[in-house]
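Dear colleague,

Please find below the structure that I am handing over to you. My notes on what was found in it follow directly after it.

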Amino acid sequence: MPTTSHSIPRLTLGPILYHWTREQVFDFYAEMLETPVAVIYLGETICSKRRLLRPEDYWELAERVAAAGKEPVISTLALIEADSELKTLQRICADERFLIEANDLAGLDFLEGRPFVTGHSINLYNQRTLAFLVQRGLKRWVLPVELGRETTAALIKTRPAGVECELFAYGRLPLAYSARCFTAYNRNLSKDDCQFCCGDYPDGLLVSTQEGTPFLALNGIQTQSATTHNLLSVLPEVTQLGVELLRISPQSTHTAEIIQVFAKTLAGELDPIEGTAQLRNWCPSALSDGYWTGKAGIATA
Amino acid sequence: MELVCPAGNLPMLKAAVDHGANAVYIGFRDDTNARHFAGLNFNDKQIREGLNYAHDRKVKVFVAINTYAQPNGWERWTAAVDRAVDLGVDAIILADMGVLDYAAERYPNVNLHLSVQGSATNPAAIGFMHRHFGIKRVVVPRVLSLAQVAHLIEETPVPVEIFGFGSLCVMVEGRCLLSSYACGQSPNTYGACSPAAHVEWRDTPKGQETRLGGVLIERRSLNEPAGYPTLCKGRYDVAGELRHAIEEPTSLNTLDILPGILAAGVSAIKIEGRQRSTRYVSQVTQVWREAIDACQRNPDTFRPKESWHQILAQVSEGAQTTIGPYHRPWH
């Protein structure tokens, strides 16, 4: 691995994308506080009907994260349609104790003028969008997941000073959002009477092709990839580009071990190939990394 | 309420104008627009002729530059904006904040519309785009119910355009990467969903198979109709059951709720289908012209004519149509 002037990227823990029980969420974060992640994103980003944790609960968790010497970031809903959703977002954004991640354009409206983060569902595809958002207060952006090495390199090269780049480095890929709840749809329930059936699928509901290939995972109004995107396999390249942060997206099991594998590989204590072999045992179906090299997201290098 | 119709080439543009469109939307022949299909779209000479034809008949022409530019190729998007302005089109339909920033700064007097690909679904998002780029219209994604559309119109100073008819995107436009996940190219990056170059059709003993980027997205018996091969409308295995996991091969038709659309204060209604035929544009434009005129005359007693439904059904993709997200139970 060639030496560079770039420092080692920090690890971040993305928001929990699934509908886990309240107890499971609190247990999960108690465990995560002991891991080597530097940043923890907290908040419901998928469905406004999921209210097992309220903004107050996430703020309390954020205090704990800060007390543990990590950076808390409050993450917000990815698709804002209803008035009630907009009001909740406004309430979350009115709190100025913590950095906030905007995931819908509405967040930009409320957060403009103070430091904020854009999540992967904000379409930041080029240098002009980046410069424009930096002028509004953007401090860190998570690259849209379909973009790869070439665009990452070009954006990092031309970015304004002081803005950090975060990559979605591990997890089922967030691919699409809809008005329809696909989990309820496939359980023959209406969205208004969903019975919170998404809670039955702690890593999403698997969709396979007619020849049995795992293809997608349904998570309420979000469609994810069935494969788990993994940048560990190309970590030396990622590090060389000067990316500051790497996001690990929570899964219902093995998240702490996955973080350890990334941390050890970043520290040079574990070979990326060997680390990837370990991750393969813990991901729900298979690994992929095609987006990084400009190929289909489902592909592997 | 303006009727905005699609044109993938000059004969389609003329057909839309002749059959009653108030505006026609078109694109350039590259990946700067979301219907980047082989053989489709306009060169400058065709646009000039189309503009003359439309303007002579008091019809507007909009150019869609509604994909997302990356650093490699950025100049193609700014050049497209320059071209559209030079040609004198009536509005430019944009999605990318960087391209919007460029256009608003360089051409403060040009009409900018926020494309459906810009993913603005609420007053705050639209307000942000309006404040910074002075957008004159927003095309809203197909996720809102009609009640939500009506409420949005009350809450935003920006005139609202909605999709009324055509192929139905199930996901929030501009925020769907399913196509690039399967084949490497998406509407955002390439200007097409499920691009033809990545689609394979094959007859097998198990039935006719459709693959996108090698992924089996549908297998049907030979007597079942084949639709446009978008992966969100294929049949998959969900917990051991074969089903349309995302959506059935259905398309959008809002004719039945036209009085509600008018009452909500919608400024323009858009017909999808720049990739379709001249016949499609002629027939759909004519039906919608008649329907809008009839509904505006007598909104309280308006009922769609059976003949309109028959014509629209003949040109619809898939066997069925739906009111889609405008009707809450669809969600």
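Cys193(B) is a buried residue: 26 other C-beta atoms lie within 10 Å of its own, and the threshold for calling a residue buried is 20 or more. Please bear in mind that this is a predicted model. In chain B, Cys193(B) sits in the loop that runs between α8 (187-190) and β9 (199-204). Setting aside residues up to four places away in sequence, Cys193(B) touches Ser179(B), Pro187(B) and Thr230(B).

The unreviewed UniProt entry carries the annotation "binding site" for Cys169(B), Cys176(B), Cys193(B) and Cys232(B). These positions are spread over 64 residues of sequence, yet they cluster in space, with a largest C-alpha distance of 10.3 Å.

Another of the annotated residues, Cys232(B), is likewise placed in a loop, in this case between β11 (215-220) and β12 (235-238) of chain B. Is Cys232(B) buried or exposed? Cys232(B) has 24 other C-beta atoms within 10 Å and is therefore buried. Apart from neighbours within four places in sequence, the contacts of Cys232(B) are Val170(B), Met171(B), Leu178(B), Ile246(B) and Glu247(B).

Turning to chain B as a whole, its secondary structure consists of eleven helices and 16 strands. The C-alpha trace spans about 60 × 55 × 40 Å along the principal axes of chain B. Among the contacts in chain B with a separation of 6 or more, 63% are between residues 24 or more positions apart.

The domain assignment divides chain B into domain 1 (2-168 + 250-322) and domain 2 (173-244). The C-alpha centres of domain 1 of chain B and domain 2 of chain B are 26 Å apart. To the contact between them, domain 1 of chain B contributes 19 residues and domain 2 of chain B contributes 13 residues. On the side of domain 1 of chain B that touches domain 2 of chain B, there are eight nonpolar, eight polar and three charged residues.

Helix α6 (residues 146-155) of chain B has Leu146(B), Gln148(B) and Leu152(B) as its buried residues. Viewed down the axis of α6(B), the buried residues fall within an arc of 155 degrees, so they line one face of the helix. In general, an α-helix has 3.6 residues a turn, so residues three or four places apart point the same way. The elements covering the buried residues of α6(B) include α5 (123-133), β7 (160-167) and α9 (258-264) of chain B.

Finally, a point on chain A. Leu89(A) belongs to helix α3 (residues 83-94) of chain A. Leu89(A) counts as buried because 26 C-beta neighbours lie inside 10 Å. Leu77(A) is twelve residues from Leu89(A) in sequence, and the two are 7.5 Å apart in space, C-alpha to C-alpha. Beyond its neighbours within four places in sequence, Leu89(A) is in contact with Thr76(A), Leu77(A), Ile80(A), Ala106(A), Gly107(A) and Phe110(A).

With kind regards

Key. Residues numbered from 1 in each chain as written. Chains lettered and ligands numbered in written order. Predicted model: local features only at pLDDT ≥ 70, side-chain atom pairs only at ≥ 80, totals over all residues. Helix = DSSP H or I, 4+ residues; strand = E, 2+ residues; numbered from the N terminus. Contact = placed C-beta atoms within 7 Å. Domains from an automatic or database assignment. Nonpolar A, V, L, I, M, F, W, Y, C, P; charged D, E, K, R; others polar. UniProt positions renumbered as here; feature names shortened; annotations may be inferred. Buried ≥ 20, exposed ≤ 12 C-beta atoms within 10 Å, placed from the backbone. Arc of directions from axis to C-beta.
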